[in-house]
Amino acid sequence: MTVLPIAPASRLLMPAILLLAATAVPAQAYVGPGLGLGAASTALGVVGAILLGLLAFVWYPVKRLIRLARKAARGGGAGRR
């Protein structure tokens with residue numbers, strides 16, 4: 001297994017990142033009810049939009065198949081629109 005040489009700058013970067021992460025103090029910030037509800041509704045809106053997009057992506061081909069199956073059952077022909 002070949003080990004690639006590490007540049008001197010990146011040798012110092014990782015310990016510096018680890019040191020900064022280890023010494024981080026929690027922020028003494030207040031999240032009020034308005035910000036909390038706004039963040040929650042935004043997150044729910046994004047998740048809902050993704051789910052509705054996936055549902056639409058699946059539903060419309062299924063809807064077309066149901067319509068074609070009904071036409072075929074009535075004798076209208078499966079290939080016609």
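**A helical chain and its nonpolar patch**

Just after helix α2, Gly75 takes a positive phi of about 90°. The model is predicted, so local features need pLDDT of at least 70 and side-chain atom pairs count only at pLDDT 80 or more, while totals for chains, interfaces and linings use all residues. Residues are numbered from 1 along each chain as its sequence is written, and side-chain values use heavy atoms, with hydrogens and water left out.

The chain holds 2 helices and 0 strands (DSSP runs numbered from the N terminus: H or I of at least four residues for helices, E of at least two for strands). Helix α2 has 42 residues and spans 58 Å from first C-alpha to last, close to the expected 62 Å (1.5 Å times one less than its number of residues).

Of the 81 residues, 1% count as buried (under 20% relative accessible area; exposed is over 50%, partly exposed in between, with a 1.4 Å probe and protein chains only).

Leu52, a residue of α2, is exposed, with a relative accessible area of 58%. Together with Leu55, Phe57, Val58, Trp59, Tyr60, Val62 and Ile66, Leu52 makes a nonpolar surface patch of about 860 Å² (residues with over 30% relative accessible area and no salt bridge, nonpolar side chains being joined within 5 Å and like charges within 9 Å).

Definitions and conventions:
Areas by Shrake-Rupley, 256 points an atom, 1.4 Å probe, with all protein chains shown as cover. Salt bridge = Lys/Arg side-chain N within 4 Å of Asp/Glu carboxyl O.
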